[in-house]
Amino acid sequence: MSQIPAQTRTTKAYIPPLLWGKSGHLQTALYGKLGRVSAPHPSGIRKYLPMQDGATATFDLFEPLGEHLTGDEITMVICPGIGNHSEKHYIRTFVDYAQKEGYRCAVLNHLGALPTIELTSPRIFTYGCTWEFASMVGYIKRAYPHTQLIVVGFSLGGNIVCKFLGENRKNQERVLCCVSVCQGYSALRAQETFLQWDQFRRFYNFLMADNMKKIILSHRHKLFGESSFKMLDADVSRLFTATSLMQIDDNVMRKFHGHSSLKEYYEKESCVHYIHNINVPLLLVNSADDPLVHDSLLNIPRTLAGKKQNVIFALTLHGGHLGFFEGDVLFPQPLTWMDKVIVGYANAMCQWERQKPPCQSGPLSENSCVEAKV
């Protein structure tokens, strides 16, 4: 990969709010409680996509509010975090900003996450299932044959989008770049660390498990009452008493796709086994004080960036989990550093796509031609 021209580079330093911004816990708690400050309400259209197994995937489509700086038609395909959807404040804030920058946005609603949408089959979203995201991307490619794609994933969504791109080289067609923010890369490696009390990860694990239980139980009749998926009464009882995501994954989630063990489920659902197949420009963003992602997991993106020229690993000192709030002293700004960096990187890649030699069009590879010196 030849060097990106200086005029397309983005070098937005992250400066957290002075009084509380250097606490990963406060950043994470603020994101979890408020989502974003003064979140806008972008107007979109909800799309329904029937799946082969009877499930119905949904996503929200938002048209651009201005012309893109390149004049091209660009669509961001966005995968939110665990149990999230297009109505979450951090998604709404990002979509509104991207729309104003000239991007069309398609946001996946994780299967079962929207409280107003009933399941149509006995299956709910899982840690690494790419079926719904693939269905959304396929729709966008068919409906907009001239659009190019920017792939964006937040937290669990980062795992899904990286796995999707790495599963099949065809999935990278018409993709300009991918951005993953605050994902953990390997559920199997994260399993033990997520049960530890340092950085209060065990407490966060409990809170996330409690939220996951509420989502599952809100669809209990569809999930557990169908002849195609019968759970033992003992498994349902364990769901009620589960205090960690691992217990829920072992007793419920792995069975939706027929995995024989929790280890097999985590191995096959994690993007760590697929991410090295991604050849389009890839930006991986993590925070060193993210209480959910142990430092040992960051060796995965660090090693990948050292081996592949199309990969950038950006590690901030602060930001928490999907926080990255900015502000002078006390009150955070509506837009976060994360929002600005994703759009800034996307803009740079769109400009780079227009400027690079013809033989470098499409996904990058080690055999791409060398840019002529000027």
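Leaving aside its neighbours within four places in sequence, with which residues is Ser 155 in contact? The model is predicted, so local features require pLDDT of at least 70 and side-chain atom pairs pLDDT 80 or more, whereas totals for chains, interfaces and linings use all residues. Residues are numbered from 1 along each chain as its sequence is written, and side-chain values use heavy atoms, without hydrogens and water.

With those neighbours set aside, Ser 155 contacts Gly 81, Val 181, Cys 182, Gln 183, His 321 and Leu 322, a contact being heavy atoms within 4.5 Å. Ser 155 lies in the loop between strand 5 (148–154) and helix 4 (156–167); helices (H or I, at least four residues) and strands (E, at least two) are DSSP runs numbered from the N terminus. Its relative accessibility of 13% makes Ser 155 buried, the term for values under 20% (1.4 Å probe, protein chains only).

An unreviewed UniProt entry assigns the feature "active site" to Ser 155, Asp 290 and His 321; such annotations may be inferred rather than shown by experiment, and the positions follow the numbering used here, with feature names shortened. Although these residues span 167 residues in sequence, no two of their C-alpha atoms are more than 11.0 Å apart, so they gather at one spot.

Asp 290 belongs to the loop between strand 7 (282–287) and helix 11 (299–307). Asp 290 is also buried, at 4% relative accessibility. Beyond its neighbours within four places in sequence, Asp 290 is in contact with Cys 182, Gly 320 and His 321.

Methods. Buried means under 20% relative accessible area, exposed over 50%, partly exposed in between (1.4 Å probe, protein chains only).
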